[in-house]
Structure formats: C-alpha cells, structure tokens
Amino acid sequence: MGVEGCTKCIKYLLFVFNFVFWLAGGVILGVALWLRHDPKTTNLLYLELGDRAAPNTFYVGIYILIAVGAVMMVVGFLGCYGAIQEAQCLLATFFACLVILFACEVAAGIWGFVNKNQIAKDMKQFYDQAAQQTLVEDEDAAAKARAVMKTFHQTLNCCGSNTLSIITNAHLRTNTCPEGFSNIVNFYKEDCHPRIDDLFSGKLYLIGIAAIVVAVIMIFEMILSMVLCCGIRNSSVY
C-alpha cells in the first residue's frame with residue numbers, strides 16, 4: 001500500500017510538472033515567434049548592401065526556440081497523459097524526448113550566451129560599412145547604402161557613430177538621419193552602436209535565460225518520470 005500511495009503522489013506531481021512544462025512550451029513558442037517577427041529586428045536583418053546581406057545568425061537561436069517550444073507542447077501533453085494512465089511505454093517515450101529536448105535547450109542556451117556579443121558586433125560592422133559606402137562616387141551604390149542607413153536610423157532612433165569619421169557622420173546627418181538629429185551636442189546620446197547592442201545582445205540574453213530555466217525544469221521532469229516508472233514496476237510486482 002505504501003508503494004502504491006507513493007506512486008500516486010508521484011503520478012500527480014508529475015502531471016502538475018508536465019502541465020507547467022506544456023505551458024512553458026507555449027510561452028517559449030510565443031516569445032520565439034515574437035522575436036522572429038519583431039519589426040525592429042526584421043527591418044534590419046533583411047537589409048542588403050550590394051551583394052551582401054545583413055548578418056542573420058540571430059535567427060539560428062530563434063528557429064531553435066520555435067522548434068523546441070512546439071515539441072515541448074507535444075511532449076508535455078504526452079507526459080500528462082502517460083502520468084495519468086501510468087503507462088510505462090508512454091513514460092519511457094516521454095523520458096527519451098526529454099533527454100533530446102534537454103540537449104537542445106542546453107545547446108540553445110550556450111549558443112545564446114556565446115553569440116550575444118558577436119551578433120551585435122557583426123551588425124555594427126555592417127552598419128559602419130554601409131555608412132562609409134554612402135560616400136562612394138558610384139551613385140547607385142551610394143543610394144542603396146543611404147537606404148540601408150535610413151532604415152537603421154529610423155528603426156533604432158539613432159544617427160551616426162563615434163567610430164566613424166567626422167565627414168561620414170556629417171554626411172549621414174544631412175542625408176539619412178531623422179529630423180532632430182542635427183545637434184552635435186547630443187551626438188553621444190544618438191550613437192547607433194549602443195542601440196544595436198541593446199537590440200541584439202539583450203534579446204539573445206533572453207534566449208539564453210529561457211533555455212536554461214526550461215532545462216532545469218526538464219531535470220526535475222526526468223527524475224520524476226524515472227521514479228514513477230520504477231514505482232509502477234514495483235506496484236505490478238506486488
């Protein structure tokens with residue numbers, strides 16, 4: 001009787017954890033879709049400068065989260081059903097899926113923390129190259145570069161950068177910056193590089209945190225599912 005009572009307690013506890021897991025999958029899927037379709041990031045990541053596209057490594061982590069969030073919802077439902085039915089086959093399948101998802105979540109978390117600065121760095125280099133290209137003699141190339149710069153400035157509400165030359169910044173202020181960015185006194189407040197850092201590094205940090213939190217939940221899920229499987233087996237023996 002003690003084994004059976006303990007098994008029931010673990011069963012309902014696992015059901016609650018799986019329901020939370022299912023909800024977490026929905027939240028991750030929603031956040032990932034929001035990050036994927038956020039106007040600020042999509043405006044910048046679809047830019048092209050001549051034959052070179054803007055760095056879009058940012059989307060790698062987003063696609064991982066979308067896939068993991070969707071699978072988490074399916075696996076969470078599977079775990080809830082397996083816990084209630086006390087089905088060893090379903091629980092074993094659930095455990096295997098958790099192991100795979102755990103590996104994916106850890107990979108996404110590590111990827112987010114490792115790349116949170118690199119992606120912003122690549123975007124800043126892309127911005128500086130586009131800014132310098134606005135000064136070239138080829139009018140067609142310069143026009144495309146100005147279009148890229150206008151998108152950066154309007155999306156991030158910034159203008160120029162202290163890494164660029166005085167001539168380049170002056171040209172940007174005249175041709176690509178929104179109205180109200182002509183005052184040189186506010187130049188350092190309008191620097192586009194910190195705005196790029198805030199946009200990409202902050203969101204990648206969010207991806208890493210979400211992945212690690214869900215990975216911790218998965219550890220508890222795996223432990224409970226193993227204990228429940230053992231409890232079901234012991235109950236069948238008795």
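Q: What makes Asp-128 count as buried or exposed?
A: Buried means under 20% relative accessible area, exposed over 50%, and partly exposed in between (1.4 Å probe, protein chains only). Asp-128 has a relative accessible area of 14%, so it's buried. Before going on, a caveat: this is a predicted model, where local features need pLDDT of at least 70 and side-chain atom pairs count only at pLDDT 80 or more, while totals for chains, interfaces and linings use all residues. Residues are numbered from 1 along each chain as its sequence is written, and side-chain values use heavy atoms, with hydrogens and water left out.

Q: Where does Asp-128 sit, and which residues is it in contact with?
A: You'll find it in helix α4 (residues 88–133); helices here are DSSP runs of H or I, at least four residues, numbered from the N terminus. Contact means heavy atoms within 4.5 Å. Leaving aside neighbours within four places in sequence, Asp-128 is in contact with Ser-161, Thr-163, Leu-164 and His-193. Take Thr-163: 35 residues away in sequence, but 8.0 Å from Asp-128 in space, C-alpha to C-alpha.

Q: Why is the link of Cys-158 and Cys-192 called a disulfide?
A: A disulfide is a pair of cysteine sulfur atoms within 2.5 Å. The sulfurs of Cys-158 and Cys-192 are 2.0 Å apart, and the pair is joined by a disulfide. Cys-158 lies in the loop between α5 (139–156) and α6 (166–175), and Cys-192 in helix α7 (residues 192–237), so the pair ties together parts that are 34 residues apart in sequence. With 100° about the S-S bond, this link is right-handed.

Q: How do you know that Cys-158 is buried?
A: Its relative accessibility is 0%, so Cys-158 counts as buried. Cys-192 is buried too, with a relative accessible area of 0%.

Q: How many disulfides does the structure hold?
A: There are 2. The other joins Cys-159 to Cys-177, S to S 1.6 Å. Cys-159 is in the loop between α5 and α6 and Cys-177 in the loop between α6 and α7, so this pair ties together parts that are 18 residues apart in sequence.

Q: What makes a nonpolar core, and which residues touch the most other members of the largest one?
A: The label means a set of buried Ala, Val, Leu, Ile, Met, Phe, Trp, Tyr and Cys residues joined through side-chain atoms within 4.5 Å. The largest has 31 residues, and Leu-44, Met-123, Tyr-127, Phe-152, Ile-196 and Phe-200 touch the most other members. Its largest share, 8 residues, comes from α4.

Conventions:
Helix = DSSP H or I, 4+ residues; strand = E, 2+ residues; numbered from the N terminus.
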